Amino acid sequence: VSLTARERRLHLVRGQLRIDVAHDRRRPLSVQAAGHEIVATGTAFNVDLVGRAARISLIEGSVEVWRLTRGRREGDATALEAGERIDVTPGTEGRRGRFEVSEATAWQRGRLEFNDERLADAIARMNRYARAPITADGAIADLRITGVFDAGATDTFVEAITSYLPVAATTAPDGAVRLTRRS
């Protein structure tokens with residue numbers, strides 16, 4: 001976090017955050033995540049960082065998303081409107097789409113919503129709240145999942161995965177769960 005008379009700057013290292021920014025054109029807020037900078041002067045948005053990827057979801061107002069190279073803005077900004085999101089990784093322009101506000105903010109109510117998400121990304125999000133980690137082999141990382149789960153309810157999550165996808169689960173004595181492709 002860096003707060004000065006000219007700017008408000010955050011660097012998201014891991015996890016997820018929701019920002020409600022007070023309007024101040026003379027002192028914009030910027031959030032850096034996944035090789036991009038999100039700039040807002042008065043708005044509400046969510047940033048969800050999973051590994052090297054970030055999902056930026058604009059709840060209200062407007063933001064500009066800039067690609068960063070060696071810490072400097074590159075190219076043109078992508079302007080988002082309320083109800084739009086962009087999925088970015090370092091060095092990419094990103095992929096835009098629409099979203100439901102309830103999906104992006106479900107984590108604030110103790111729930112996680114997945115809508116055609118990669119299984120690897122869903123596992124990473126579930127692990128933020130898990131007592132024991134869930135791991136998966138690369139053979140199932142790109143399987144897709146849609147569903148709503150209570151944060152921390154890994155048993156329910158694993159039961160759903162193994163019921164609807166070609167996945168088997170092995171639980172270690174410490175509670176850690178290993179997911180593999182079912183043969």
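## A first walk through the model

The protein chain folds into three helices and 16 strands, where helices (H or I, at least four residues) and strands (E, at least two) are DSSP runs numbered from the N terminus. This is a predicted model, in which local features need pLDDT of at least 70, side-chain atom pairs count only at pLDDT 80 or more, and totals for chains, interfaces and linings use all residues. Residues are numbered from 1 along each chain as its sequence is written, and side-chain values use heavy atoms, with hydrogens and water left out.

### The chain as a whole

Along its principal axes, the C-alpha trace spans about 55 × 30 × 30 Å.

Of the 183 residues in the protein chain, 44% are buried. Here buried means under 20% relative accessible area, exposed means over 50%, and partly exposed lies in between (1.4 Å probe, protein chains only). The chain exposes about 10100 Å², and carbon and sulfur atoms supply 47% of that area; accessible areas come from the Shrake-Rupley method with a 1.4 Å probe, and for residues only the protein chains shown count as cover. Among contacts (heavy atoms within 4.5 Å) between residues at least 6 apart in sequence, 46% join residues at least 24 apart.

### The five-stranded sheet

Let us look at the sheets next. Five strands make an open sheet in the order E3-E6-E7-E10-E11, with antiparallel pairing; two strands pair if DSSP finds at least two bridges between them. Strand E3 (15-21) and strand E11 (95-98) stand at the edges with a single partner strand each, so one side of each is left without a neighbour in the sheet. From one strand to the next, the twist averages 15 degrees, based on axes that are lines fitted to C-alpha atoms (for helices over the stretch in contact) and angles that run from 0 to 180 degrees between N-to-C directions.

| Strand pair | Bridges | Facing residues |
|---|---|---|
| E3 and E6 | seven | Asp20 and Ala44 |
| E6 and E7 | seven | Val47 and Ile56 |
| E10 and E11 | four | Glu84 and Arg98 |
| E1 and E2 | two | Leu3 and Arg8 |

E6 and E7 form a hairpin with two residues between them, and Gly51 in the turn has a positive phi of about 65 degrees.

### The six-stranded sheet

A second open sheet has six strands in the order E1-E2-E4-E5-E8-E9, and its pairing is mixed. Its edge strands are strand E1 (2-3) and strand E9 (72-81), each of which pairs on one side only.

Strand E4 holds Gln32, which counts as buried at 16% relative accessibility. Leaving aside neighbours within four places in sequence, Gln32 is in contact with Arg9, Leu10, His11, Leu12, Glu37 and Leu68.

### The nonpolar cores

A nonpolar core is a set of buried Ala, Val, Leu, Ile, Met, Phe, Trp, Tyr and Cys residues joined through side-chain atoms within 4.5 Å. The largest has 21 residues, and those with the most contacts inside it are Val31, Ile38, Phe45, Val47, Ile56 and Val63. The elements giving two or more residues to this core are E3, strand E4 (29-33), strand E5 (36-40), strand E6 (43-50), strand E7 (53-60), strand E8 (62-69) and E10. Not counting residues up to four places away in sequence, Val47 touches Leu12, Gly15, Gln16, Leu17, Val31, Ala33, Ile38, Ala54, Arg55 and Ile56. Apart from this core lies another, of 19 residues, among them Leu119, Met126, Ile134 and Ile161.

### A loop to finish

Ala139 is found in the loop between strand E13 (134-136) and strand E14 (144-150). Ala139 is partly exposed, with a relative accessible area of 49%. Ala139 and Arg181 are 42 residues apart in sequence, and 6.5 Å apart in space from C-alpha to C-alpha.
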